[in-house]
Amino acid sequence: MTVTAAATETARHEDDTRSPWSLERLVPSFAARIHDVDLREVALDGRASQLRGLLAEHKVLFFAEQRLDNDAQVALGRALGELTVSHPVVAGATAEHPEIYALDSFDGGRSDVWHTDVTFMPRPPMASILRAVNIPDVGGNTNWVDLEAAYASLHPGLQRLADELTAEHDGSREFAEYLERRGGEGNEWDGERVRQLKPVPHPVVRVHPETGRRSLFVNPGFTTRILGVSDAESRGLLDAFFAHITRPEHLVRHRWRAGDVVMWDNRSTAHYADFNYADFRRVMHRITLRGDVPVGPLDPVG
Ligand SMILES: O=C(O)CCC(=O)C(=O)O
Ligand SMILES: [Fe+2]
């Protein structure tokens, strides 16, 4: 698939005299390619807050021809926010890089279920930064959907219903075996050692803490039931929501090239990596920025 530029614009603060980044929007509601950025310099340049603003606004940002290694990826993450460990229960890529989550197809690493990262914890990470370390010759594209566009395109009656709902998110189907393999001793997440993966409740509609926009915050990877309704109602609602968020109109697709880095906002998107790389090796390194507790539209503010 090819994406065509809907618009090209420049992104900079009015008082910023440095050369502007040029930003190419990819689909009308979200996703942008940012040109002329060396992500190794963002940390030194004092442009981290600008980048965070672009992330909240465009939700998925694509950068080509980067030269990040593990250290530089971690440094970039630290400039943008507070890094989490690799994952609540999966060990880091190396002893020196406990923050890096490695996905290696030769170790069975794959991500072919629609999900938003780590929503099975009370405070899921606000953003993820993924670097292509080894890409297959063909296949292995990654897809993102815009959960704000998904909310906006629901029937108003369904929006009102969704506004009132809470859902349970459970990571045990995907990750219980990792915890078992480590003798039940996971990593430290939000100051606590993870020893079990308990389902956590989150609002079905999440209000973005920076933009105030609403997203349909459910995902097939981790959202297991809607609370306070019958099993049949829960299944029917979740199936309808899952089908809705993953409609092609809500999607952007990326074909990876060596040197690509993608950043996404986990408060407003979900993603899926195509599992079609035959015998090619596909290795990706991810870091995540610490997030906040999801807030729904009916939750008291503050
Ligand atoms: O491998 C990919 O393209 C995406 C993997 C994934 O789900 C993640 O890094 O959070
Ligand atoms: Fe993911």
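Modeller: The space taken by ligand 1 is the largest pocket, a pocket being, on a 1 Å grid over the protein atoms alone, an open set of points with protein on both sides within 12 Å along at least five of seven lines. This is a predicted model, in which local features need pLDDT of at least 70 and side-chain atom pairs count only at pLDDT 80 or more, while totals for chains, interfaces and linings use all residues. Residues are numbered from 1 along each chain as its sequence is written, and side-chain values use heavy atoms, with hydrogens and water left out.

Biologist: Which side chains have a polar atom that lies 2.5 Å or 3.1 Å from an oxygen atom of ligand 1?

Modeller: A polar contact is a pair of N or O atoms within 3.5 Å. For Thr142 the distance to a ligand oxygen is 2.5 Å, and for His271 it is 3.1 Å.

Biologist: How is a pair of aromatic rings described?

Modeller: A pair of aromatic rings is described by the distance of the centres and the angle of the planes. Rings of Phe, Tyr and Trp (its six-membered ring) pair if their centres lie within 6.5 Å, with planes under 30 degrees apart counted as stacked, over 60 as edge-to-face and the rest as tilted. The structure holds eight aromatic pairs; the ring centres of Trp114 and Tyr272 are 5.4 Å apart with planes at 40 degrees, so this pair is tilted.

How values were computed:
Chains lettered and ligands numbered in written order. Polar contact = N/O pair within 3.5 Å; in protein donor to acceptor, adjacent residues only side chain to side chain. 1 Å grid on protein atoms, 1.4 Å probe; cavity = no way out; pocket = protein on both sides within 12 Å on 5 of 7 lines; lining within 4 Å. Sits in = over half its atoms within 2 Å of the grid points.
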